[in-house]
Amino acid sequence: MFSLQLAVSLVKNVSLILSLVFIFGLLVPSLRHRRASTQAVIYGVLYGLLGVMLMLSPTEVGPGFFVDGRSIIITIAGAFGGLIPALITTVMMSTARWLLGGEGAIGGIGAIVILASVGCAVHLYHHRRGILIARRTLVILSAVATAVPLITLWIVAGREVALMSAVPYLAVVPLGMILFGYLLLRQKHQFDIEEALQESEERYRSVVDAMTEGVIVRNAAGVVQAANLSALRVLDVSMEEMQSRAVDDPRWGIICEDGSPFPMDHAPSMTALRTGKPQFGQVLGFQKAGGSVTWLLMNAQPLFKAGNTQPYAVVVTFTDVTELKSAHQSLIQERDLLRTLIDSTPDYIFIKDSSGRFILSNEAHAHAVHVSADALVGKTAFDVFPEGLAAQFHADDLATMQSGEPQFNLERTTLGDQGNLKTVLTTKVPLHGRDGRVIGLVGMSRDITDRKLVEQQSLELVAERERVHVLRRFLADMSHDFRTPLAVVNTSLYLLQKSTDPQRQADQIEKIESQVQRMEQLLGELLDMDRLDRENPEPVFVPVAINTMVAELVRNLEAAAEENHHTLAIDLNHEVPPIMGNAAQLQQALEHILQNAVDYTPTGGAVTVRTSVQHNHVLIAVEDTGIGIGPDDLPHIFERFYRADQARSADSGGSGLGLSIARKVIEAHGGDIVVSSTPGKGSVFVIRLPIQATSTDHDTTAVVRSVG
Ligand code: ADP
């Protein structure tokens with residue numbers, strides 16, 4: 001009976017306790033944002049009040065011994081609330097117990113303190129680890145909350161009272177405790193979920209608001225449900241205006257890229273809602289009150305509920321591309337300007353990539369290869385130019401790109417627009433990428449065909465003038481050279497007619513003969529020169545013994561040398577081999593040089609001829625101690641008809657053709673002739689003639705002669 005009464009009282013206690021869960025449910029959301037210490041005090045007071053209320057209607061199980069559901073409250077206050085709520089509850093409940101009085105007061109307070117401590121220990125353990133109290137822990141706590149009051153009763157009120165209280169206690173307290181704890185745990189779990197949701201929503205909202213992209217959510221009817229700050233800023237409207245305007249409201253002033261009014265049923269949001277398909281990259285202009293246009297790049301993404309094929313909303317995102325669009329516009333203008341510029345020049349301009357493919361080409365260049373500038377892109381020089389030209393261009397490209405250095409003014413042949421060949425000056429400049437590597441080249445070619453033609457013509461003109469000048473000089477020299485002997489012949493003939501003295505007549509006849517001889521020699525040399533000019537370029541050579549030839553020529557000059565009291569010496573090297581050549585021509589050449597040495601050396605002088613071998617060549621040096629040649633004359637003495645003034649005054653009777661004949665002969669043999677001279681002291685002519693590889697026999701003639 002008594003136990004039943006106790007059990008009913010305990011059930012009442014538990015109901016009261018459960019009402020606390022409800023109060024907590026109402027209080028917690030409003031307390032969440034308070035400071036932790038404030039929350040702890042409020043929870044402490046709540047637990048304390050409930051504990052006191054339970055203690056005010058206790059069931060007396062013995063004189064001064066009361067039993068109620070307080071153990072549940074104090075344990076939960078410690079385990080769920082922590083130190084401060086447990087402390088406040090302990091103080092409030094201990095005070096109440098003390099005021100209730102009776103024999104069990106000390107024991108009751110002791111039980112309160114023990115349970116508060118156990119609860120706090122459990123709280124501390126879970127708080128430190130950041131974990132929630134598990135259901136298993138709740139069971140253990142409920143065992144403790146049941147056992148501690150019963151043990152206290154046993155100790156202070158005796159075994160009988162304890163046993164009598166045990167049944168209702170065991171029937172109600174653990175269950176109430178588990179139920180209370182479980183409800184609190186669930187509530188806390190739900191609050192945590194709600195809080196996390198709220199936090200996550202706030203985070204998303206702040207992210208969406210921080211986006212520079214505008215975001216608008218419209219429902220299926222097209223009404224704005226939400227819009228972020230960027231959307232309001234870009235469209236320059238308030239949230240109210242945004243929500244009050246329909247998609248097709250004319251106040252939006254939406255236009256197409258070409259400036260025409262935009263057909264609103266094609267708006268991205270409407271299309272996405274109608275078709276259920278996302279819309280990307282539509283550019284729309286929003287005309288503002290002042291007339292300025294904001295250009296937006298829009299996307300629309302329909303939203304579906306699970307299992308539905310019809311979207312319930314659409315998320316429209318957009319970016320302000322006004323600046324981008326105007327930058328793009330000016331880029332296009334700049335590109336067009338550049339294009340016009342490079343297309344209006346007759347020069348060829350092109351850009352190639354690192355593999356030699358055209359990336360860009362101007363009209364003049366494309367025209368020359370008979371394709372359009374666009375069609376040329378991607379082709380190489382080998383696709384459009386003849387093989388030979390393309391190979392040259394490719395080699396130039398490689399040189400430019402491999403060296404990384406520009407190649408300036410390369411004179412090249414290319415195609416003209418009529419398929420004709422043109423001469424161009426090409427400059428190729430390497431193109432470098434951001435990392436410094438060569439990624440291609442820019443080429444420019446200027447047509448210099450006309451310039452070259454003019455240059456060629458002016459060169460020909462100069463040559464023609466020179467020819468006329470030479471011809472004039474030749475005619476002047478010839479007339480002079482022929483007039484002198486003719487004048488002598490004329491005079492002699494006149495004197496011959498007038499004279500009857502046989503001796504005088506003989507003298508005149510001798511004079512006439514000598515002048516005729518001179519004119520003959522002159523004509524002979526002219527004919528020699530003409531013959532050499534027309535000679536077969538590949539003459540047949542035979543072995544010629546140079547030493548023998550020199551000795552023979554010197555012998556022929558002995559009489560003349562003796563007459564002028566010249567010392568005539570030869571020094572011939574035994575090692576000189578025969579050379580391959582034309583004996584008659586070589587003899588003629590040597591004769592002219594030797595004759596000059598004798599002619600231009602005054603009485604008593606010396607003429608020496610030496611032969612030697614040097615580097616596969618035979619050398620013939622003719623040295624005299626004659627009048628020498630001045631530095632002004634020296635560069636010209638091998639020219640036809642050139643005679644130094646000094647030579648003219650010496651009147652050697654020469655024609656000015658001897659040296660040019662000699663040089664022509666020597667050069668035809670692959671040799672050369674050089675002269676060094678000091679005016680007043682003498683000259684040395686050195687002839688170098690190559691020894692042919694086939695020639696092995698040595699010319700053993702070695703003569704040293706001196707005539708004087
Ligand atoms: P030329 O018939 O007048 O000798 P060449 O062609 O043989 O014509 O020589 C051209 C000119 O070179 C001569 O007129 C003379 O002025 C000069 N010359 C050639 N050989 C000698 C030399 N050994 N000493 C000085 N002058 C020389």
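Modeller: First, a term: helices here are DSSP runs of H or I with at least four residues, numbered from the N terminus. Keep in mind that this is a predicted model.

Colleague: What follows α15?

Modeller: Gly 404 does, and its phi is positive, near 75°.

Colleague: How far apart are the end C-alpha atoms of α15?

Modeller: They are 24 Å apart. The helix has 17 residues, 387–403, so at 1.5 Å a residue it should span 24 Å, which agrees.

Colleague: Which residues of α15 are buried?

Modeller: Leu 389, Ala 390, Phe 393, Asp 396, Asp 397, Thr 400 and Met 401. Down the axis of α15, these buried residues fall within an arc of 125°, so they line one face.

Colleague: And what covers the buried residues of α15?

Modeller: The cover includes strands β9 (348–353), β11 (407–415), β12 (421–432) and β13 (438–447), along with helix α14 (381–384).

Colleague: What does the face turned away from the buried side carry?

Modeller: There you find Glu 387, Gly 388 and Gln 402, which are exposed.

Colleague: New topic. Which residues make the nonpolar surface patch?

Modeller: Val 41, Val 45, Leu 49, Leu 83 and Ile 84 make a patch of about 410 Å². Two elements, α2 (36–56) and α4 (83–100), each give two or more residues to the patch.

Colleague: Where does the largest share come from?

Modeller: From α2, with 3 residues.

Colleague: Where is Ile 84 found?

Modeller: In helix α4. Ile 84 has 39% relative accessibility, so it counts as partly exposed.

Technical notes: Residues numbered from 1 in each chain as written. Predicted model: local features only at pLDDT ≥ 70, side-chain atom pairs only at ≥ 80, totals over all residues. Heavy atoms only, no water. Expected span 1.5 Å × (residues − 1). Buried < 20%, exposed > 50% of the residue type's maximum accessible area, 1.4 Å probe, protein only. Arc of directions from axis to C-beta. Contact = heavy atoms within 4.5 Å. Patch = residues over 30% accessible without salt bridge, like charges linked within 9 Å, V, L, I, M, F, W, Y side chains within 5 Å. Areas by Shrake-Rupley, 256 points an atom, 1.4 Å probe, with all protein chains shown as cover. Salt bridge = Lys/Arg side-chain N within 4 Å of Asp/Glu carboxyl O.
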